[in-house]
Amino acid sequence: MALFTRTPVAPLEYSRTLWMRLWVGAVMVFLYAPLVVLMIFSFNDSKRNVVWRGFTTKYYEKALGNDQLVEALINSLTIAALATLASLVLGTLAAVLLWRFRFPWKGAIDGTISLPIIVPEICLGVAFLMFFAAVGWPTDLVWPFNLGAITIAHITFCFPFVTMVVRSRLASFNREQEEAAKDLGASEGQVFRDVLIPHIKPALVAGALLAFTLSLDDFVITYFTSGPDTITFPVKVYSMVRFSVTPEVNAASTLLIILTVILTFIALKAQGVKAIAETH
Amino acid sequence: MTETAKPIIQIQNVSKRFGKVTAVDNVSLDINAGEFFVLLGPSGCGKTTLLRMIAGFELPTEGRILIDGQDMAGIPPNKRPVNMVFQSYAVFPHMSVTDNVAYGLKIAGVKGSEIKDRVAEALDLVKLGGFGERMPDQMSGGQRQRVALARSLVMRPKVLLLDEPLSALDAKLRAQMQFELSELQEKVGITFVTVTHDQDEALSMACRIGVINKGEVAQLATPSDLYEYPSNRFVADFVGSVNIFEGKLTLDEPDKAAVDCPGIGKIYLNHGVTGPHGADVWIALRPEKIYLHVPGEGKAVRAAAQDAPDGYNFARGKIKGMSYLGDITLFEIELESGARIRVSRPNLSRHDQEDFTWDDKVSMHWRADSPVVLLG
């Protein structure tokens, strides 16, 4: 019934105009069609991943049974977790420092802190390769210390993103809240813990998500900094794809996508979608 | 000085400079324990800087501030026996009302059971009993201000500082809060120091008012003294509405004085002003202290003559502007010399506003004790 009693389209109600709907639809297709295809073909009962030959889950079993692939995944998740944690601390401190204090060379530091975002990844990769070679970084450490070089590299390009997100959140902070807390007896540390951290919490969640996904799927820099025993998931997938794109790769990728979606969902749920949207 | 009027805050020769700008210029004033003190001044006059120096958020460039006899130099805001209600209220948005009010007590390490009692007591005091579980974004501006008040009062400070506490409220609520703040202050007996640019607010709430202009204290007085006996042109003009005429002091004896104001006429006072003879002075005359008459009645002249010699405290003019405000009507009257005088007239009956209209010829008189002679 309601279907036939539509109100006319209001002037600014773009989401109800035909051309806008077509446009949004097209964007969705371009964005998600490849992912959907990847997921569908992970169930394809064929060695060569071109034609649909029936449903199977055997490639999931195969992927999960592939020790090298599982090891690479565990490496990736470990690196991502460590890099996220370190980036959060480092990025937040940098943001607070730049927001709160005045000091010599502030402008220069402010400008260069986002350099790892701007510099082409390939350059960063080469730079890290040369750096770790020059300092003689050991390559024969036991797990998880053998992931050190990659983790350090990941922190370098992840923490500026955290800084950016946190800074934009800090801009909306009412300094009177800080003063109010001090007025009530709070020390600098207590102000930070009780007033500032709660205010930037949505930015911390957003920054952590950003850092985690950036680290998890980084290929170029990782490729240059990984040793012989430190294969990460994207690097492993790349080496598998060099021979042929098997449904095994699809299955592993699908698992990774699902994992990322679940993580994002949890983070959004924990924080409230609105709060995260506020940071941008 | 008696025990009851002991100064809780002593501001001694305090100056504050931000670079080349002098925000507070050699201010000295005492604020007594238990009084409701208001710092009144136009925006940018330095009154908020003064308040922030008492709280400890700014440090004086010169001079010193004593709270309860103790020099506050080197004592950070979190260690001072004062609490502040901020202009934006600065209620912590991520904490419930209870947590907001309990925050200072928790920091101070007060026992849990005592915190509970004191928070409940403070919330009752500001009429927010039962709102404890609310979050700040579920409250109106007025309610958030009450939370900020409770959060400060629960600390039982020696002095409560309020920075423009009513500026963000609408007119009705503001009038109500003025009464409530005065009431609250009497109830808790804590010294309140409020900063405001709103003269009505200052007059209605304060025990004493310090008018601040360009970083200096222009006058320190009770509300009625401030209004009826302004000590300079700035105060006369800033507090209330006023006519200011420039003139020369031609007569100055213990029981009478006269000022000759070009364009207005001779103004007679029934008291001496002890100013230098022939000096340039200013006359401040409040619009409500001028009586308006239809000419030809002869009443004005007779009324004026009762306490002033003939030809004094009397003027004729034409109504050039009128604004009807309900309770009063404001008139702007142009004299023959071209000078303009503002007169307000209470509408004592429902037809009073029909007595006069534009371009009516009118005469005015005022009593000999109404004009205030200002030397500066």
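Reader: Hey, how much of chain A counts as buried?
Author: Of its 280 residues, 31% count as buried. Keep in mind that this is a predicted model.

Reader: Okay, and how many helices and strands does chain A have?
Author: Chain A comes to 13 helices and 0 strands. Going along the sequence, the pattern is α-α-α-α-α-α-α-α-α-α-α-α-α.

Reader: What box do the C-alpha atoms of chain A fill?
Author: Roughly 75 × 70 × 30 Å, taken along the principal axes.

Reader: And of the contacts between residues at least 6 apart in sequence, what share in chain A joins residues at least 24 apart?
Author: That share is 78% in chain A.

Reader: Switching to chain B. At what angle do helices α2 and α4 pack there?
Author: About 30 degrees, and their axes are 7 Å apart. In chain B, α2 covers residues 97-107 and α4 covers residues 141-153.

Reader: Why give both an angle and a distance?
Author: Because two packed helices are described by the angle between their axes plus the distance between those axes.

Reader: So what does the angle make α2(B) relative to α4(B)?
Author: It makes α2(B) roughly parallel to α4(B), because angles under 35 degrees count that way.

Reader: Is the crossing of α2(B) and α4(B) left-handed or right-handed?
Author: The crossing is right-handed.

Reader: Which residues meet there?
Author: From α2(B) you have Val97(B), Asn100(B), Val101(B), Tyr103(B) and Gly104(B). They meet Val147(B), Ala150(B) and Arg151(B) in α4(B).

Reader: How do the residues of that contact divide into nonpolar, polar and charged?
Author: The contact of α2(B) with α4(B) has 5 nonpolar, 2 polar and 1 charged.

Definitions and conventions. Residues are numbered from 1 along each chain as its sequence is written. Chains are lettered from A and ligands numbered from 1 in the order in which they are written. This is a predicted model: local features need pLDDT of at least 70, side-chain atom pairs count only at pLDDT 80 or more; totals for chains, interfaces and linings use all residues. Axes are lines fitted to C-alpha atoms, for helices over the stretch in contact, and angles run from 0 to 180 degrees between N-to-C directions. Helices (H or I, at least four residues) and strands (E, at least two) are DSSP runs, numbered from the N terminus. Angles under 35 degrees count as roughly parallel, over 145 as roughly antiparallel, 65 to 115 as roughly perpendicular and the rest as oblique. A crossing is left-handed if the near helix is turned anticlockwise from the far one by less than a right angle, and right-handed if clockwise. Two residues are in contact if their C-beta atoms, placed from the backbone, lie within 7 Å. Ala, Val, Leu, Ile, Met, Phe, Trp, Tyr, Cys and Pro count as nonpolar, Asp, Glu, Lys and Arg as charged, and the others, Gly among them, as polar. A residue is buried if 20 or more other C-beta atoms lie within 10 Å of its own, exposed if 12 or fewer, and partly exposed in between; C-beta atoms are placed from the backbone.
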